[in-house]
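Here is a brief report on helix packing and charged pairs. Have the coordinates open while reading.

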Amino acid sequence: MINPIVKTIDLGDGRSITLETGKLAKQADGSVMLRMNNTVLLAAVCAAKDANPGVDFMPLQVEYKEKFSAFGRFPGGFMKREGRASDYEILICRLVDRALRPLFPDDYHAEVFVNILLYSSDGKDMPDALAGLAASAALAVSDIPFNGPISEVRAARIDGKFVINPTYDQLEKADIDIMVGATYDNIMMVEGEMSEVSEKEMLDAIKFAHEAIKVQCLAQKELSELVGKTVKREYCHEVNDEDLRVDVRNKCYDKVYAIAKSGSGKQERSEAFQAVLTEYKANFTEEELAEKEALIEKYYHDVEKEAMRRCILDEGIRLDGRKTTEIRPIWSEVDCLPGPHGSAIFTRGETQSLSTVTLGTKLDEKIVDDVLVQEKERFLLHYNFPPFSTGEARPQRGVGRREIGHGNLAHRALKRMIPENYPYVIRIVSDILESNGSSSMATVCAGTLALLDAGVSMKKPVSGIAMGLISENKGKNYAVLSDILGDEDHLGDMDFKVTGTKDGITATQMDIKVDGLSFEILEKALAQAKEGRLHILGKITETLSEPRPELKPHVPRIEVMMIPKENIGAIIGPGGKIIQDIQEKTGSTITIEEIDNQGRVEIFAFNLESIQAAIDRIKGIIAIPEIGEVYSGKVQSVMPYGVFVEFLPGKDGLLHISEIDWKRIENIEDAGFKPGDTVEIKLVDIEKNGKFKLSRKALLPRPPKPDIKKPDAPGAK
């Protein structure tokens with residue numbers, strides 16, 4: 001008899017979440033089945049019993065997978081089974097990973113695998129907002145060392161009110177959409193998008209989310225107590241040498257501190273730091289280094305971290321010599337490449353993005369076929385991070401999770417500034433050519449310039465900035481850093497990216513690496529970010545402030561027509577015959593779809609003449625014949641009693657022999673018509689059976705009546 005342990009969380013709006021353990025996946029170190037309405041997730045965690053030799057980091061791996069059967073669907077493709085993770089699933093993995101990773105003990109290095117599986121959904125509730133809770137609950141009922149629990153929720157503002165974990169339908173109306181991960185006491189992760197909201201509004205959303213998270217954290221603690229897993233496993237993953245630690249600090253710290261405050265560039269600074277380490281290692285024999293080198297490098301890393309942090313906190317000096325609020329030098333240019341439809345280079349310090357824009361048609365839309373989301377995307381952004389951008393000599397093996405995450409942030413930053421019903425499909429590609437901090441924000445800036453260069457009528461330009469934090473004593477002594485370097489991100493306590501227009505925030509992403517981040521620090525970071533963001537925005541608009549008034553000559557032209565729904569079939573024709581004929585004869589590409597009970601027709605060609613010819617053909621098809629109107633028609637066939645004339649595409653009528661001319665025509669051959677001839681006619685009647693009566697003589701001047709003399713009366717002289 002199985003007796004699962006169940007804990008229920010009341011969301012306070014008539015909905016609840018249940019956490020159940022002890023029934024499924026019992027051989028995992030911890031497993032929990034989460035259910036909210038018809039959405040069911042299973043999270044299972046396993047940790048190796050010991051760390052692999054030489055590992056001095058947290059080897060955590062989070063996997064999130066949605067089963068197509070969860071929504072009663074077959075997977076697409078030939079194999080008909082789930083394949084590699086989609087971009088959406090990878091983004092959920094990253095959300096969970098970023099909230100969990102900082103809370104494992106610093107000295108815990110065993111491999112930990114977190115698997116989250118969606119097993120059921122009705123397509124209403126969004127499972128991504130529940131994945132973090134499921135993962136943390138599975139850790140809570142295991143004996144894996146973890147300084148949690150955490151939970152994640154989505155906070156959205158809909159019609160002016162905040163909602164926790166809204167449905168898909170509700171989220172479509174939200175002007176704030178953020179995911180927040182936190183412990184009971186501290187915010188750990190924030191990511192989301194907004195419609196130009198203020199810093200205060202974003203803080204209000206985070207606070208609202210945190211109150212819901214507190215309830216879910218308490219429920220996990222109670223579940224852990226019910227299971228009896230409050231005591232975690234013992235481990236020993238580090239063997240330290242305190243004498244060596246002290247020796248490294250004593251002999252290296254002053255040298256490292258001098259380099260840290262020298263204000264040198266990235267490469268020069270890196271070489272100088274390496275020289276200090278090499279000099280220290282020279283004091284040891286090869287045999288001693290074989291035994292102690294890993295510890296030496298670990299302790300030396302700690303020295304670098306301490307020196308950098310003390311420089312900032314004690315003297316206000318950053319690694320490159322800037323003040324805490326200072327932005328690195330910026331230069332940018334547009335129209336730097338002749339082939340793309342728009343291009344731009346944005347360089348801030350030692351970070352550089354080359355971004356291009358391509359404008360396409362409906363045929364270029366991205367088809368999204370995820371388990372719960374089937375849609376088409378018309379705005380795409382792809383981010384690439386080649387190894388040479390950081391001077392690394394290694395191959396590039398496809399797109400990694402980091403690139404998908406950074407590209408998604410830049411995509412969210414810009415997408416709400418693309419005009420509604422824009423006729424073109426847009427693809428931005430950002431290639432990072434240099435990187436020393438905040439390449440995703442460089443992508444936002446370069447992407448904005450490339451869009452403007454392409455003539456895309458953006459609502460407003462967007463810029464972005466990455467903020468850092470150095471803190472001690474649980475945030476009592478801290479410094480907020482604007483436009484952080486790569487080393488400041490690596491050695492610091494926060495990476496807080498904020499994007500927006502001059503009027504408000506459009507997207508954000510924040511990761512916290514320490515406990516004790518107060519809302520006071522968040523408020524200061526947001527205010528400082530706004531100053532930096534506006535400064536960068538000013539530099540962008542100095543280069544190009546408005547969209548180019550004209551598209552570049554090699555950009556395809558698109559015209560959009562809205563037609564009555566009932567005319568769609570007439571334009572397509574039987575088997576696509578008519579639309580194919582229009583495309584072939586006009587040199588255009590035409591797509592038709594039904595939107596809001598209307599037909600949306602997109603006509604695409606490389607010259608306006610082709611587009612106009614296609615428009616004329618389509619207008620002719622959808623035109624309603626009107627009695628009394630004059631048309632230029634084409635003779636289709638010649639019969640003994642008259643000719644049939646196509647006067648509108650797909651519409652022909654009879655030009656009877658008696659209506660060709662005012663004079664009497666005995667034989668149709670005498671009229672001289674042959675198929676293909678053009679003739680001006682007038683529609684004179686539409687019969688009850690729908691047949692059209694045409695006349696040519698109605699357009700000709702009527703001849704005068706002959707002057708007939710009356711005969712003389714009989715007997716007249």
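## A buried charged pair

Asp453 and Lys552 form a salt bridge through their side chains, with N to O at 2.7 Å. The model is a predicted one. Asp453 sits in helix H9 (residues 439-453). Lys552 belongs to the loop between H11 and strand S22 (557-564). The two are 99 residues apart, so the pair links distant parts of the chain.

How accessible is Asp453? Its relative accessibility is 0%, so Asp453 counts as buried. Lys552 has 10% relative accessibility and therefore also counts as buried, the limit being under 20%.

## Two further salt bridges

Arg310 and Glu472 make a side-chain salt bridge at 3.1 Å, N to O. Arg310 is in helix H7 (residues 286-315), and Glu472 is in strand S18 (residues 463-472). They are 162 residues apart in sequence, so this pair ties together separate parts of the chain. Arg310 has a relative accessibility of 21% and counts as partly exposed. Glu472 is partly exposed as well, at 23% relative accessible area.

Asp175 pairs with Arg157 in another salt bridge. Their closest N and O atoms are 2.8 Å apart. This pair runs between strands: Asp175 lies in S9 (residues 174-182), Arg157 in S7 (residues 151-158). The separation is 18 residues. Arg157 is buried, at 13%.

How many salt bridges does the whole structure hold? The search finds 60. Some share partners and join into one network.

## Helix H4 against H11

Two packed helices are described by the angle between their axes and the distance between the axes. For helix H4 (residues 199-227) and helix H11 (residues 519-543), the axes come within 10 Å and cross at roughly 150°. Angles over 145 degrees count as roughly antiparallel, so H4 is roughly antiparallel to H11. The crossing of H4 and H11 is right-handed.

On the H4 side, the contact is made by Glu199, Met202, Leu203, Ile206, Lys207 and His210. H11 contributes Phe519, Leu522, Glu523, Leu526, Lys530 and Arg533. What classes of residue meet here? The contact of H4 with H11 has 6 nonpolar, 1 polar and 5 charged residues.

## Helix H2 against H4

H4 also packs with helix H2 (residues 128-140). The axes of H2 and H4 come within 9 Å and cross at roughly 30°. Angles under 35 degrees count as roughly parallel, so H2 is roughly parallel to H4. The crossing of H2 and H4 is right-handed.

From H2, the contact takes in Leu133, Ser136, Ala137 and Ala140. They meet Gln216, Gln220 and Ser224 in H4. By class, the contact of H2 with H4 has 3 nonpolar and 4 polar residues, with no charged ones.

## A threonine in strand S23

Thr591 is placed in strand S23 (residues 589-595). Its relative accessibility is 11%, so Thr591 counts as buried. What does Thr591 touch, leaving out residues up to four places away in sequence? Its contacts are Lys362, Leu363, Arg600, Val601 and Glu602.

Key: Residues numbered from 1 in each chain as written. Predicted model: local features only at pLDDT ≥ 70, side-chain atom pairs only at ≥ 80, totals over all residues. Heavy atoms only, no water. Axes fitted to C-alpha atoms, helices over the stretch in contact; angles between N-to-C directions. Helix = DSSP H or I, 4+ residues; strand = E, 2+ residues; numbered from the N terminus. Parallel < 35°, antiparallel > 145°, perpendicular 65-115°, else oblique. Left-handed = near helix turned anticlockwise from the far one by under 90°. Contact = heavy atoms within 4.5 Å. Nonpolar A, V, L, I, M, F, W, Y, C, P; charged D, E, K, R; others polar. Salt bridge = Lys/Arg side-chain N within 4 Å of Asp/Glu carboxyl O. Buried < 20%, exposed > 50% of the residue type's maximum accessible area, 1.4 Å probe, protein only.
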